[in-house]
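User: I would like to learn how to read the features of a protein model, step by step. Please give the general idea each time and then the case at hand.

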Amino acid sequence: MATLAQWVAGARPRTLPAAVAPVALGMAAALRVDGADGGRALLALLVALALQVGVNYANDYSDGIRGTDEVRAGPVRLVGQRLADPRNVRLAAFLSFGAAGVLGLALVALAQTWVMLPLGALAVLAAWRYTGGDNPYGYRGLGEVYVFVFFGLLATLGTEYTQAGSVSWFGLAGAVGVGSIASAILVANNLRDIPTDTEHGKRTLAVRLGDARTRALYVGLMATSVPALAVMALWQPWVLVALLALPLAWRGVSVVRGGTTGPGLIPVLASTGAYELVWAVLVLAGVSVGVALG
């Protein structure tokens, strides 16, 4: 039986910035038009966190029963390392998705944004189908697309919409920036796992591109956050304070460009997640300052 610490590690806490950051960006976009609502933002955050944890447990279950995680560097694999009954891991995933659904329904009801219901249902279905089912799209090189769409565009613009009642070009620029960084986390993860994924027939985008082009993709995704910031600055110049987060980005970029492989890439996941979170929080802080100064 897995310990509590192993269950927590199996939820992959290092990936949680990918859930927090888009909510911060969405709140910044809503605040810019005087539409911010703390209660709805909290609900959006809880939805995003529950969905992220559900994705992580679902991946652990699906990869584990396929044997993909039997030999792999990285965080705890509850099923792959035979630490927990696969049925319990699957149940943890479904409970997390259920929590996301209930919280999402409450958010939609409060905001009267019923159009978000089918989008939320699609997000849950896509989370399961990433590595689950007969033909998971994560095994066909589409994982980064999922992350960009659901933990970039949908999470950011959905947060903005449920608070302000509309979406904006400012919000879209932020969604592109945060979605690109979130996708870079997955790229770094899959770069590390190229050898084992290749062996088990998991055709991630990293496997398809190969080592060198995957490293270039990571750098490109990280760099996208800078022009995204420049676009947002057209409406609120104070967001440029987020440039202070660039040293965190450079940590991951320097390691990836240096050719590091295997377990040596694990710190890149943490530094990329930290960059995403700090970048988003600084954007929110910049908008807050701009609004306060009028």
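User: Which residues touch the most other members in the largest nonpolar core?

Analyst: This is a predicted model. Its largest nonpolar core has 78 residues, and those that touch the most other members are Tyr146, Tyr218, Met232, Trp279 and Val283. Helix α7, residues 169-192, gives the most to this core, with 11 residues.

User: What does Val283 touch, not counting residues up to four places away in sequence?

Analyst: Once those sequence neighbours are set aside, Val283 touches Leu25, Ala28, Phe170, Leu229, Met232, Val239 and Ala242. One of these, Met232, is also named with Val283 among the core members that touch the most others.

User: Let us turn to aromatic residues. How is a pair of aromatic rings described?

Analyst: Two quantities describe such a pair: the distance of the centres and the angle of the planes. In this structure the count comes to eight aromatic pairs. One of them joins Trp7 and Tyr57, with 5.7 Å centre to centre and 65 degrees between the planes, an edge-to-face arrangement. Trp7 belongs to helix α1 (residues 4-10) and Tyr57 to helix α3 (residues 38-66), so this pair ties together parts that are 50 residues apart in sequence. Tyr57 counts as buried, at 9% relative accessibility.

User: How are the rings of Tyr130 and Tyr146 placed?

Analyst: Their centres are 6.1 Å apart and their planes lie at 15 degrees, so the pair is stacked. The cut-off behind this reading is that planes under 30 degrees apart count as stacked. Tyr130 sits in the loop between α5 (116-129) and α6 (143-164), while Tyr146 is in helix α6, so the pair ties together parts that are 16 residues apart in sequence. Tyr130 and Tyr146 are both buried.

User: Which aromatic cluster includes Tyr130 and Tyr146?

Analyst: One aromatic cluster is formed by Tyr130, Tyr137, Tyr146, Phe150 and Phe151.

User: Where is Gly143 found, and is Gly143 buried or exposed?

Analyst: Gly143 is part of helix α6. With 3% relative accessibility, Gly143 counts as buried. Apart from neighbours within four places in sequence, Gly143 is in contact with Tyr130, Tyr137, Gly138 and Leu186. Two of these contacts, Tyr130 and Tyr137, belong to the aromatic cluster already described. A separate reading concerns Gly143 and Ala126, which are 17 residues apart in sequence and 10.0 Å apart in space, C-alpha to C-alpha.

User: What can be said of Ser62 in helix α3?

Analyst: Helix α3 contains Ser62, and this residue is buried, with a relative accessible area of 1%. Beyond residues up to four places away in sequence, Ser62 touches Trp128, Thr131 and Gly132.

User: How far apart are the closest N and O atoms of Asp193 and Arg192?

Analyst: In that salt bridge the closest N and O atoms are 2.9 Å apart. Asp193 is buried at 2% relative accessibility, and Arg192 is buried with a relative accessible area of 4%.

User: Are Arg40 and Asp37 buried or partly exposed?

Analyst: Arg40 is partly exposed, its relative accessible area being 21%, and Asp37 is partly exposed at 29%. The side chains of Arg40 and Asp37 meet in a salt bridge of 3.9 Å, N to O.

User: Finally, which residues make the nonpolar surface patch of about 490 Å²?

Analyst: Trp169, Val231, Leu234 and Trp235 make that patch. Val231 lies in helix α10 and is partly exposed, with a relative accessible area of 34%.

Technical notes:
Residues numbered from 1 in each chain as written. Predicted model: local features only at pLDDT ≥ 70, side-chain atom pairs only at ≥ 80, totals over all residues. Heavy atoms only, no water. Salt bridge = Lys/Arg side-chain N within 4 Å of Asp/Glu carboxyl O. Buried < 20%, exposed > 50% of the residue type's maximum accessible area, 1.4 Å probe, protein only. Phe/Tyr/Trp six-rings, centres within 6.5 Å; stacked < 30°, edge-to-face > 60°. Helix = DSSP H or I, 4+ residues; strand = E, 2+ residues; numbered from the N terminus. Patch = residues over 30% accessible without salt bridge, like charges linked within 9 Å, V, L, I, M, F, W, Y side chains within 5 Å. Areas by Shrake-Rupley, 256 points an atom, 1.4 Å probe, with all protein chains shown as cover. Core = buried A, V, L, I, M, F, W, Y, C linked by side-chain atoms within 4.5 Å. Contact = heavy atoms within 4.5 Å.
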